[in-house]
Amino acid sequence: MKEFMMIFHGGDYESGDLSPDKIQEKMVLWNKWIAELREDDLFINGHALKNQAARVKGDDLLLTDGPFVETNELVTGYIVLKAKDLDHARSLSAGYPDYDLKGKVEIREIQTF
Amino acid sequence: MDTNNKQVSSELDKLFRQCYGKLVSMLLSKYGTSQLELIENAIMESYYKAMKTWPFRGMPEKSHAWLYKTANNSLIDSLRREKRVSPEQFDFTSLRDTEIEVDEVKDPELKLLFLICNPDLKKEDQLVFMLKTLSGFGDLEISNALMQSKAAIKKRLLRAKSWIKSNDIKFDWPSDEDLKVRVTMVNRVLYLLFNEGFYSSHPEYWVRKDLCVEAMRLCKYLVDHDLSNYETKALMSLMCYHISRYESRIDDNGHIILLQDQDRSSWNQDMIKLGNYYLQQSARNTTKKSSYQIEAFISAQHCIAKDFASTNWKILKELYQVLYNKGKQNIVLLNLILVKLNLNETKEAKRLFESIDISKLKSIHTTYYMVGMKLYESLKDQMQIELMLEQAIQSSEGKKESIYLKSKLDSIRKG
């Protein structure tokens with residue numbers, strides 16, 4: 001088994017016009033997806049990220065406040081999980097619930113030594 | 001851990017929507033109606049936060065309290081940002097152990113219900129405002145459910161909110177005398193809400209049933225509270241009878257099934273019993289008969305009949321006649337005509353049908369033509385039957401009935 005990171009771009013709820021019921025539907029799908037990964041012992045960890053951001057640059061540690069990209073490109077969260085290979089990881093990303101909100105999943109294998 | 005997550009999904013069923021009105025009313029009691037806008041934002045924020053953390057960390061044990069606390073904190077933040085209050089004004093210690101029990105919450109929720117059902121607000125605005133703040137429906141859901149544009153919904157909400165602001169409406173109970181009048185108002189809005197869900201033939205089936213369930217939830221709150229009057233109990237009874245056959249009216253493809261063809265064994269007997277119970281309650285300590293009570297009696301007649309043929313049409317005729325004399329509503333008259341047809345009083349039925357002014361039918365054209373079709377079926381007037389059907393189809397475009405009507409016309413034409 002290898003380790004992968006799934007980075008979620010976009011699929012930002014707060015800019016959408018979601019009702020309490022819709023949010024709930026989404027949450028159920030998230031729960032289901034993560035629970036399935038846990039059940040197969042593939043889930044390692046993950047978090048959602050806030051939109052606010054800061055970026056530090058250069059020797060003088062210059063701090064700039066974000067967000068730095070369009071909301072649909074913004075990294076909104078990530079999970080780390082186990083998968084056999086990239087194809088397997090890709091098949092696991094099918095459960096990601098926010099494709100309909102124009103969310104995208106970037107899959108990266110974690111470099112090991 | 002897995003069980004925790006599975007549990008989350010099942011417990012979550014409708015949690016966010018059901019919580020919404022409770023949270024709004026609790027925060028309103030705490031911060032006052034002038035903060036309504038910020039309160040709504042804060043609740044949505046707590047929902048987003050829940051959805052971003054619960055899947056990864058598991059659901060908190062007391063999800064209601066978690067949502068309340070989070071919303072409350074975010075509200076304090078935004079109040080601070082707007083400098084509307086100084087932080088010292090808040091007693092943070094009191095928030096730490098907030099636990100919400102459903103019973104505690106009923107009171108502010110009812111208070112909000114009475115605030116909304118104010119005679120100064122238009123009935124339609126009340127309904128939209130209620131669905132948004134008390135029932136946690138989104139704008140789009142309200143727009144779908146009531147078949148009004150999203151812009152219209154927004155306008156109604158704006159009107160309600162600016163009414164609160166400009167009149168400085170406080171989050172208080174109305175005075176004792178006002179309360180009596182207000183209960184009638186609340187009854188009427190709940191009746192309207194229920195009927196929206198029950199009678200309108202909207203293609204999106206689930207949204208509609210949600211309206212009925214919501215009306216019943218609020219009505220139940222009300223009857224459990226000593227504020228309600230005998231009309232409220234009759235209304236509750238009426239809703240129980242109706243909802244008992246909600247599913248049997250629609251087939252697997254979402255097409256409408258007429259009363260005579262419905263599978264009576266599928267009617268929910270528990271709901272019918274509950275209907276009986278509230279009907280009895282409504283007759284206690286009063287001899288007055290409300291329209292709700294008569295309607296409940298009518299519905300009860302259908303519920304106790306073994307099959308369509310053994311329906312007691314004679315009693316129904318009397319009940320509809322009383323109901324018609326109360327409000328002179330065309331929809332009641334159309335029902336009365338159907339009853340007369342079942343009693344073979346065809347001549348009288350025809351006279352009544354012809355007395356109806358089509359220009360005053362409003363939204364019940366389809367029903368009118370369907371009744372007309374029944375009438376001419378009894379008179380065996382083939383040409384008129386087809387004419388009525390065609391008109392019915394024309395008036396039901398985009399609604400559930402239209403499919404049923406078209407297939408009916410096809411079968412008639414085929415002979």
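From the N terminus on, chain A runs β-α-β-β-β-β-α-β, which comes to two helices and six strands. Helices here are DSSP runs of H or I with at least four residues, strands are runs of E with at least two, and both are numbered from the N terminus. The model before you is predicted, so local features need pLDDT of at least 70 and side-chain atom pairs count only at pLDDT 80 or more, while totals for chains, interfaces and linings use all residues. Residues are numbered from 1 along each chain as its sequence is written, chains are lettered from A, and ligands are numbered from 1, in the order in which they are written.

Of its 113 residues, 28% count as buried; a residue is buried if 20 or more other C-beta atoms, placed from the backbone, lie within 10 Å of its own, exposed if 12 or fewer do, and partly exposed in between.

I turn now to the sheet. In chain A, four strands form an open, antiparallel sheet in the order 2-5-1-6; two strands pair if DSSP finds at least two bridges between them. Strand 2 (43–48) and strand 6 (104–109) of chain A stand at the edges with a single partner strand each, so one side of each has no neighbour in the sheet. Neighbouring strands of this sheet are turned by 15° against each other on average, direction ignored; the axes are lines fitted to C-alpha atoms, for helices over the stretch in contact, and angles run from 0 to 180 degrees between N-to-C directions.

Strand 1 (residues 2–9) of chain A pairs with strand 5 (residues 75–83) of chain A over eight bridges, in the antiparallel sense. Within this pairing, A:Phe4 has A:Leu81 as its bridge partner, and A:Glu3 has A:Lys82. Strand 1 of chain A is also joined to strand 6 of chain A, antiparallel, by six bridges; here A:Met5 is partnered by A:Arg108.

One loop residue deserves attention. A:Gly103 lies between helix 2 (86–92) and strand 6 of chain A. Because it has 18 C-beta neighbours inside 10 Å, A:Gly103 counts as partly exposed. Beyond its neighbours within four places in sequence, A:Gly103 is in contact with A:Phe8, A:His9, A:Gly10, A:Gly11, A:Tyr96 and A:Asp98; contact requires C-beta atoms, placed from the backbone, within 7 Å.

Next, the interface. In total, 23 residues of chain A are in contact with 26 residues of chain B. On the side of chain A that touches chain B, helix 1 (20–39) and strand 2 each supply at least two residues, and helix 1 of chain A gives the most, with 15 residues. The residues of that side divide into 10 nonpolar, five polar and eight charged; Ala, Val, Leu, Ile, Met, Phe, Trp, Tyr, Cys and Pro count as nonpolar, Asp, Glu, Lys and Arg as charged, and the others, Gly among them, as polar.

Finally, chain B. Helix 8 (residues 139–146) and helix 9 (residues 150–166) of chain B pack at about 110°, with their axes 9 Å apart. That makes helix 8 of chain B roughly perpendicular to helix 9 of chain B, a term for angles of 65 to 115 degrees, whereas those under 35 are roughly parallel, those over 145 roughly antiparallel and the rest oblique. B:Asp139, B:Leu140, B:Ile142 and B:Ser143 in helix 8 meet B:Lys150, B:Ile153 and B:Lys154 in helix 9 of chain B.

Technical notes: Contact = placed C-beta atoms within 7 Å.
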